[in-house]
Amino acid sequence: DVIACRHLPRTAPALTLPASQGYALQLVDSRWSVQQALTSDNLPTLLQLFIRGNPFRSSASQVELAQQYIEALGEQLHAVAIYGSPYVLPTLKLPADVPVIFCYGQMPVAQTVTLEALMGLQAQTSLTAVDSSFTD
């Protein structure tokens, strides 16, 4: 179950914030083929990629799969949020007109700040509180 992981519970901002803006939820993991995941409804798509680097295992296959989704979505691709590895963004070929944001963190507060910046939402999280939590 994709939602059973620590950084993506059912109440995660990565799931709830896009839904509050009218996006339909579709969870896809690396076991899905691009054809299985794509729908024919041609709705704007916010693609969120949770890809972490692993010193013992390459994430290249995940990046390749992400690129396949980007290409298959074509005009439907509305925005991209990348969480985790800073090495993912430079390797992706993204359309110049698609907004992209990267965040090292995958935890709920990182998802909230990332999506609020990407979707232009009024901040619901105090940035002062976020910043002060990292000073200890």
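This tour moves through the model one selection at a time, from the whole chain to its helices, cores and aromatic pairs.

**Conventions.** The model is predicted, so local features require pLDDT of at least 70 and side-chain atom pairs count only at pLDDT 80 or more, whereas totals for chains, interfaces and linings use all residues. Residues are numbered from 1 along each chain as its sequence is written, and side-chain values use heavy atoms, with hydrogens and water left out.

**Whole chain.** Begin with the protein chain, which has 6 helices and 3 strands; helices (H or I, at least four residues) and strands (E, at least two) are DSSP runs, numbered from the N terminus. Read from the N terminus on, the elements follow the order α-α-β-α-β-α-β-α-α. Buried residues (under 20% relative accessible area; exposed is over 50%, and partly exposed in between, with a 1.4 Å probe and protein chains only) make up 36% of the 136 residues. The accessible surface (Shrake-Rupley method, 1.4 Å probe) comes to about 8,600 Å², and carbon and sulfur atoms account for 54% of it. Of the contacts (heavy atoms within 4.5 Å) with a separation of 6 or more, 55% involve residues 24 or more positions apart.

**Helix α1.** Select residues 13–20, where P13, A14, L15, L17 and P18 are the buried residues of helix α1. Displaying β1 and α5 (108–119) shows part of what covers these buried residues.

**Helix α3.** Proceed to residues 60–73. The expected span of a helix is 1.5 Å times one less than its number of residues; for the 14 residues of α3 this gives 20 Å, and the end C-alpha atoms are 20 Å apart, which agrees. The buried residues here are V63, L65, A66, Q67, Y69, I70 and L73. Q68 also lies in α3 but counts as partly exposed because its relative accessibility is 42%. α3 is followed by G74, with a positive phi near 50°.

**Nonpolar cores.** A nonpolar core is a set of buried Ala, Val, Leu, Ile, Met, Phe, Trp, Tyr and Cys residues joined through side-chain atoms within 4.5 Å. In the largest one, of 15 residues, select L47, L49, L77, V80 and L92, which touch the most other members. At least two residues of this core come from each of β1, α3 and β2, and α3 supplies the largest share, 6 residues. Centre the view on V80: leaving aside residues up to four places away in sequence, V80 touches L46, L47, L49, L94, V98, P99, V100, I101 and L118. Another core, of 10 residues, lies apart from the largest one and includes A81, Y83, C103 and L118.

**Aromatic pairs.** Finally, display the rings of Phe, Tyr and Trp (its six-membered ring), which pair if their centres lie within 6.5 Å; planes under 30 degrees apart count as stacked, over 60 as edge-to-face and the rest as tilted. The whole structure contains 2 aromatic pairs. The rings of F50 and Y83 are stacked, because their centres are 4.5 Å apart and their planes lie at 15°. This pair links distant parts of the chain, with F50 in strand β1 (residues 45–51) and Y83 in strand β2 (residues 77–84), 33 residues apart. F50 is partly exposed at 23% relative accessibility, whereas Y83 is buried at 0%. The rings of F102 and Y104 form an edge-to-face pair, with centres 4.9 Å apart and planes at 80°. F102 is partly exposed at 24% relative accessibility, while Y104 is exposed, with a relative accessible area of 60%.
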